[in-house]
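Subject: Handing over the structure

Hi there,

Here is the structure I promised to pass on to you. My notes on what turned up in it follow below, so please have it open while you read.

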There are 2 protein chains.
Amino acid sequence: MIGNVIVGQSGGPTAVINSSLVGVYKTAKDRGATKIYGMLHGVKGLLDGQYIDLSEHIKTNLDIDLLKRTPSSFLGSCRYKLPEICDNRKVYEKIFKLLEELEISAFFYIGGNDSMDTIKKLSDFAILINSDIKFIGVPKTIDNDLVATDHTPGYGSAAKYIASSMKEIIRDGLVYDYPTITIVEIMGRNAGWLTAAAALAKGEDCEGVDMLYLPEIPFDVDKFMNKVKNIVNSKRSIVIAISEGIKVADGRYVFELTNHLEFVDAFGHKQLQGSAQFLADKISSEIGIKTRALELSTLQRCASHLASRVDITEAYQVGGAAVKAAFEGETGKVVVLKRISDDPYICITDVQDVHKIANFEKKVPLEWITDDDYVTNDLINYINPLIQAELTPIMVDGLPQHLRLVL
Amino acid sequence: MIGNVIVGQSGGPTAVINSSLVGVYKTAKDRGATKIYGMLHGVKGLLDGQYIDLSEHIKTNLDIDLLKRTPSSFLGSCRYKLPEICDNRKVYEKIFKLLEELEISAFFYIGGNDSMDTIKKLSDFAILINSDIKFIGVPKTIDNDLVATDHTPGYGSAAKYIASSMKEIIRDGLVYDYPTITIVEIMGRNAGWLTAAAALAKGEDCEGVDMLYLPEIPFDVDKFMNKVKNIVNSKRSIVIAISEGIKVADGRYVFELTNHLEFVDAFGHKQLQGSAQFLADKISSEIGIKTRALELSTLQRCASHLASRVDITEAYQVGGAAVKAAFEGETGKVVVLKRISDDPYICITDVQDVHKIANFEKKVPLEWITDDDYVTNDLINYINPLIQAELTPIMVDGLPQHLRLVL
């Protein structure tokens, strides 16, 4: 007896998180689920009784195809962490009461490592109370920092957007005949996967970025400045990609060094500008070369118009595989991606115990980062298959069309 | 006798400035030009004897199609302003000596209103010395601030990128269930055309931006803060688009209300940056709502991967029409776009005396800006046809392919 299922989205969105939602929805429907509920704003919304019947909002095949191309979390998200079971059983009892009222047989949660913690705790609690409800995690994060999976859905599209934008920025940087430096700040507090994607810009038609700084390696400001001084003698335009999370040896973020420049905003407090801005100001003032800072910001996680088709497909697959696993009796598991061949690229889904995934963080291996502030071909070859191909946006009146949740 | 021609690119690049280059190149070739030279970095490079034979770099039809999709100025650009003729005839004599040595019959310059000043002065000097060389300006600027033309090539693609990105940012902003404010800073020093394009985001599938601030209207910080306080009571996510050039009543830019490094370019224009950050800091500290600032920055002028097909086509047409005009004996002219029908949108090229265009600036008419910090439907209807349709990027190994000048 399959009955009803419920799905939620949690954590920061990606360009393809809704493709996983579609994967859960369509597979559950095809495999005979009676009702497919969507919790609004994850478990936090569920605790407030906020959920919808997805079939009332995804009505046609066109809706499905639009949803695959819609950025942000269709159902809304949350950054809510469940308390430890021993500290607060009431929260769990409330959730399970709700799930039982809705006759839920399987609970799917699309999220990163914080969200997998929710699956871990709920599946643990199900064991405690001898509940039959299955709990399966569906991985997503642009940060690619989940362990036990080759990569995470969401990463490939962010990487494609970053590499494409870098190519355009590199061309733009060469426009004038005087030296210019562009420092591009890329997301990723602790893991440099996204910043590494900037290396993909280099190719037959593009000079590539000149330096790449990942948070895995302590950032040395003096070494950086010396390198800039050296390169500037031989190159007209320098483009540098840095992770927002780069830190100096004593553990401070680079943007925390700004007090040396005594930046104070209009409200009297020290302005914590971005690391790229800090370095750009430093180069401008010490070397005297026009330097601009550029933050890719939110766009790198929501640029559905340039999503990777491989990523969209895999996001769909992990959603579908989660349903398959639950319906086959699995619980307390996370669907993972397993690369079984590099060339040709072949990737399948698998399931892993959630206890091996939740709350862990996968960083870029140090052997994939070179001494000359770049990354190895192994790292480039790892990322390259993930950005391949496109799913053409559905353009309406000149703009990409999305599916919007109207309550 | 048509002989040889020369073409240059000047000022800030656009996503489609190379489509105009292709328009000049292909039309000149088809109409029998012997050699088509490209000056490197505009007249500044030309003065240093830097030019190329374009046929050695644009060899195939694939090259042409790649060039149409290549951002930045293929030939490089400059921000060089010719001196007044009465102040320094030597510069002009040097340029004309070079042009005569190259047996140039026509000189094309792709640029904005500063660049049209170059066409004006060179064509004036040609009259003074009785030279037969024809000088024709080819308009481009993402700013859309040229007079005497319905709009400028480059604007439509920037507008399409801005509106598409706003749609993605608006979806992203709604992801959490607590109030968030996003302030997006858009280019446009004195004219609000680009910021106005953010209004196109609103549609059947998108809530649109909540407020739009154009530089044509003095910015009132208190009124702005009060409005935010009001809207925040009824809306979970607020998205605000501001022009980088918004100024308070006493003439200071909004970013000048904070301490900030200041850069001045060769034309004495201040480099603007940081108004969104200033307002975000103010909202965060005074209203206590999480507010993020986002600068679309360089990406809005180089996002060829999302260029408007209407824009690419018109950019090509103005390049071709410039050649036609020169070969028919015109000089001291600028090709302009003339909209002869709104619905259906039909636009043709025409030529205008350069003296009526150079150094003038076209702002958004005040009657197209509403009292409630938005824009009228007339303004939206004006922009809408310019963002229509796409020219699919040529994707190679997952990324948009460009044509790179290799010297």
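In helix α9 of chain A, A:K282 and A:E286 are four residues apart, which means that about one helical turn separates them. The two form a salt bridge, with 2.8 Å between the closest N and O atoms. Side chains of opposite charge can pair in this way when their charged atoms come close. Please keep in mind throughout that this is a predicted model. Over all chains, a search of the whole structure turns up 46 salt bridges.

Some of these pairs link the two chains. How many salt bridges does the rule find across the interface of chain A and chain B? There are six. In a salt bridge between A:K44 and B:D177, the side chains meet at 3.1 Å, N to O. Polar contacts join the chains too: 38 residue pairs, both partners at pLDDT 80 or more, are found across the interface of chain A and chain B.

Which parts of chain A supply the side that touches chain B? The elements that each give at least two residues are α6 (155–173), α9 (275–286), β9 (291–295), α10 (299–302) and β13 (399–400). Of these, α6(A) provides the largest share, 10 residues. Sorted by class, that side of chain A has 28 nonpolar, 25 polar and 21 charged residues.

Now for the extent of the interface. The size of an interface is often given as the accessible area lost when the parts come together. Between chain A and chain B about 6000 Å² is buried, and carbon and sulfur atoms give 53% of it. On the chain A side, the residues that lose the most area to chain B are A:E168, A:Y176 and A:R404, which together make up 12% of what that side buries. Counted by contacts, 74 residues of chain A touch 75 residues of chain B.

How are the two chains related?

Within chain B, have a look at a pair of helices. Two packed helices are described by the angle between their axes and the distance between the axes. For helix α1 (residues 17–30) and helix α3 (residues 61–68) of chain B, the angle is about 145° and the axes lie 7 Å apart. From α1(B), the residues B:N18, B:S19, B:L21, B:V22 and B:K26 meet B:I64, B:L67 and B:K68 of α3(B). By class, this contact has four nonpolar, two polar and two charged residues.

Finally, some backbone details. Most residues other than glycine have a negative phi, and most peptide bonds are trans. A:N130 is not a glycine, yet has a positive phi of about 60°; A:N130 sits in the loop between α5 (113–129) and β5 (134–139) of chain A. A cis peptide bond, with omega about 5°, joins A:D343 and A:P344, and A:P344 lies in the loop between β10 (333–341) and β11 (346–353) of chain A. In chain B, B:D343 and B:P344 are likewise joined by a cis peptide bond, with omega about 5°. There, B:P344 is in the loop between β12 (333–342) and β13 (345–353).

Enjoy exploring!

Best wishes

Note on methods. Residues are numbered from 1 along each chain as its sequence is written. Chains are lettered from A and ligands numbered from 1 in the order in which they are written. This is a predicted model: local features need pLDDT of at least 70, side-chain atom pairs count only at pLDDT 80 or more; totals for chains, interfaces and linings use all residues. Side-chain values use heavy atoms; hydrogens and water are left out. Contact means heavy atoms within 4.5 Å. Buried area is the accessible area (1.4 Å probe) that two parts lose on being put together, summed over both. A salt bridge is a side-chain nitrogen of Lys or Arg within 4 Å of a carboxyl oxygen of Asp or Glu. A polar contact is a pair of N or O atoms within 3.5 Å; within protein, one must be able to donate a hydrogen and the other to accept it, and residues adjacent in sequence count only if both atoms are side-chain atoms. Ala, Val, Leu, Ile, Met, Phe, Trp, Tyr, Cys and Pro count as nonpolar, Asp, Glu, Lys and Arg as charged, and the others, Gly among them, as polar. Axes are lines fitted to C-alpha atoms, for helices over the stretch in contact, and angles run from 0 to 180 degrees between N-to-C directions.
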